[in-house]
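Here is a protein chain to look over, piece by piece.

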Amino acid sequence: MTTTTETWTNRFGAAMMGSAPPPTAVLVRGEGCYVWDAEGNRYLDFLAGIAVNSLGHAHPVLVEAVSRQIATLAHISNYFASPSQIELAERLKRISGAGDRGRVYFGNSGAEAIEAAIKLSRLNQGRTKIVALTNAFHGRTMGSLSLTAKPAMRDAFQPLLPGVEHIDATIEALEAAIDDTVAALIVEPIQGEAGVVELPDGYLERARELTAKHGVLLILDEIQTGAGRTGTWFYFQQKGIVPDAIAVAKGIAGGVPIGALVTFGNASDLFQRGQHGSTFGGNPLATTAANAVLGEIERAGLVEAVASKGERIRNGIEAANSPLVAETRGAGLLIGVGLTKPVAHEIVAAAFGLGLIVNAASETSIRIAPPLIVSDTEIDEFAIKFTKALEAVA
Ligand SMILES: *Cc1c(COP(=O)(O)O)cnc(C)c1O
């Protein structure tokens, strides 16, 4: 480590709250699928800010749109509306299939989208119970943390929201838990932080049947799976079901903070005037960024290309033929690599040393989530570096 990074790291430790883990590196610049650190080293970014930088770094379309908007009108409060806010709400209704009956609430992060979902569930027939999954991650605010299952994240902050039941991700547990006392079932359609873990076959379909039968809201956390990452705008669209609401954030504005709750059908009638809001939520800057990102994803046909890019990545991982790799999981460009040994952090560090950014979602799983603009050449570079990293650890 040279002085520049060392200096920044020391200053980080002296200035940042202890909740922040020590950084892997201090990054100063990005372009496309690459980022550069304080020493000028270049890294191929196959994490994309955890599925956020859909268009990679410094994409000209996003740069131009945000620059123009901040020079025109950045923020106005919720007493006023802006064209970009209305356009983004219409766009989210369209791409989610929520259509005419759909409605959109804007916040500023994934956790805020989940908070809106929790409040929405309180308006469901006076019920207060929420069912979530044992491996779930829904955010770190007190409400969203109440749905998040991981003891290490929760234990110091009890008591959390009452009335939350965590169940295993099995159809039997689902059938036992969903009844007329439940306000909402909130699930990630693919569990991202758990290591890109898919739900059992038929899970979402059965969840839809049972929740509909018992008047329970089915709320999908598409914060990591949304914005085209899995090969459709939202993952549920591959399952032929219609949820009552989806929470979105991460990839929709390419790095500008935003979160949204999109409701479908009757769930759109639940919130009444004045029941929720946020100062920054839906401001012209963030909604312009999201319109630019989603518009460019659509214009460039990036969603349609996700499946083949994801397959090329998986083929590259499988061709490494490493004894450390047990399986690949996920959908499209949200990929989990299940390991045979708890060496995820070693592999991630070895990859970083070779100029490749991937992420250890747990000791036994690596998460791969490149920008949607990733090219075949960059995927082949990934495969070479990832193979070397596996070999260095095996
Ligand atoms: C990242 C994430 C969140 C939390 O989003 P923040 O913007 O960090 O608050 C919630 N749910 C899922 C599935 C996520 O991936």
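Is E381 buried or exposed? With a relative accessible area of 18%, E381 is buried, because the cut-off for that label is anything under 20%. Bear in mind as you read on that this is a predicted model.

## Around E381

To find E381, look in helix α13. Leaving out residues up to four places away in sequence, E381 touches Y34, R42 and L44.

Helix α13 itself covers residues 376-393 and lies across β2 (34-37), β3 and β15. Its direction makes an angle of about 105° with β3.

## The sheet under α13

The strands that α13 lies across belong to an open sheet of four strands, in the order β1-β2-β3-β15 and with mixed pairing. At the edges sit β1 (27-31) and β15 (356-357), and each of these pairs on one side only.

How do β3 and β15 run, and how many bridges join them? Strand β3 (residues 42-45) and β15 run parallel, joined by two bridges. If you want a spot to look at, L44 stands opposite L356 in β15. L44 is also one of the residues that E381 touches.

## An antiparallel sheet with a helix on it

There's another open sheet of four strands to look at, with the order β13-β14-β17-β16 and antiparallel pairing. Its edge strands are β13 (325-331) and β16 (359-362), each pairing on one side only. On average, neighbouring strands here are turned by 30° against each other, if you ignore direction.

Six bridges hold the antiparallel pair of β13 and strand β14 (residues 334-339). Within that pair, V325 has L339 of β14 as its bridge partner. Which helix packs on this sheet? That would be α12 (residues 344-353), which touches β14, β16 and β17 (365-368). The direction of α12 makes about 170° with that of β16.

Now for some helix packing. Two packed helices are described by the angle between their axes and the distance between the axes.

Take helix α4 (residues 83-96) and helix α10 (residues 284-299): their axes come within 8 Å and cross at roughly 40°. That angle makes α4 oblique to α10, and the crossing is left-handed. On the α4 side, the contact is made by S84, Q85, E87, L88, R91, L92, R94 and I95. On the α10 side, P284, T287, T288, A290, N291, L294, G295 and E298 take part. Sorted by class, this contact has six nonpolar, six polar and four charged residues.

Helix α3 (residues 60-70) also packs with α10, at an angle of about 155° and with the axes 9 Å apart. The two are therefore roughly antiparallel to each other, as angles over 145 degrees count that way. The crossing of α3 and α10 is right-handed. From α3, the contact takes in V61, L62, A65, V66, Q69 and I70, while α10 brings P284, L285, T288, A289, A292, V293 and E296. What classes do these residues fall into? They divide into 10 nonpolar, two polar and one charged.

## A covered strand

Strand β7 (residues 182-187) is mostly covered, with six of its six residues buried. Which strands are joined to β7? Three bridges join it to β5, and the two run parallel. In that pairing, K129 stands opposite V182 of β7.

Strand β7 is also joined to strand β10 (residues 217-221), this time by four bridges, and these two run parallel as well. Here L185 has L218 in β10 as its bridge partner.

## F137 in its loop

Where does F137 sit? Look in the loop between β5 (129-133) and α6 (142-147). At 17% relative accessibility, F137 counts as buried.

Setting aside residues up to four places away in sequence, F137 touches T148, M153, E188, E193 and D221.

Note on methods:
Residues are numbered from 1 along each chain as its sequence is written. This is a predicted model: local features need pLDDT of at least 70, side-chain atom pairs count only at pLDDT 80 or more; totals for chains, interfaces and linings use all residues. Side-chain values use heavy atoms; hydrogens and water are left out. Axes are lines fitted to C-alpha atoms, for helices over the stretch in contact, and angles run from 0 to 180 degrees between N-to-C directions. Angles under 35 degrees count as roughly parallel, over 145 as roughly antiparallel, 65 to 115 as roughly perpendicular and the rest as oblique. A crossing is left-handed if the near helix is turned anticlockwise from the far one by less than a right angle, and right-handed if clockwise. Contact means heavy atoms within 4.5 Å. Ala, Val, Leu, Ile, Met, Phe, Trp, Tyr, Cys and Pro count as nonpolar, Asp, Glu, Lys and Arg as charged, and the others, Gly among them, as polar. Two strands pair if DSSP finds at least two bridges between them. Buried means under 20% relative accessible area, exposed over 50%, partly exposed in between (1.4 Å probe, protein chains only).
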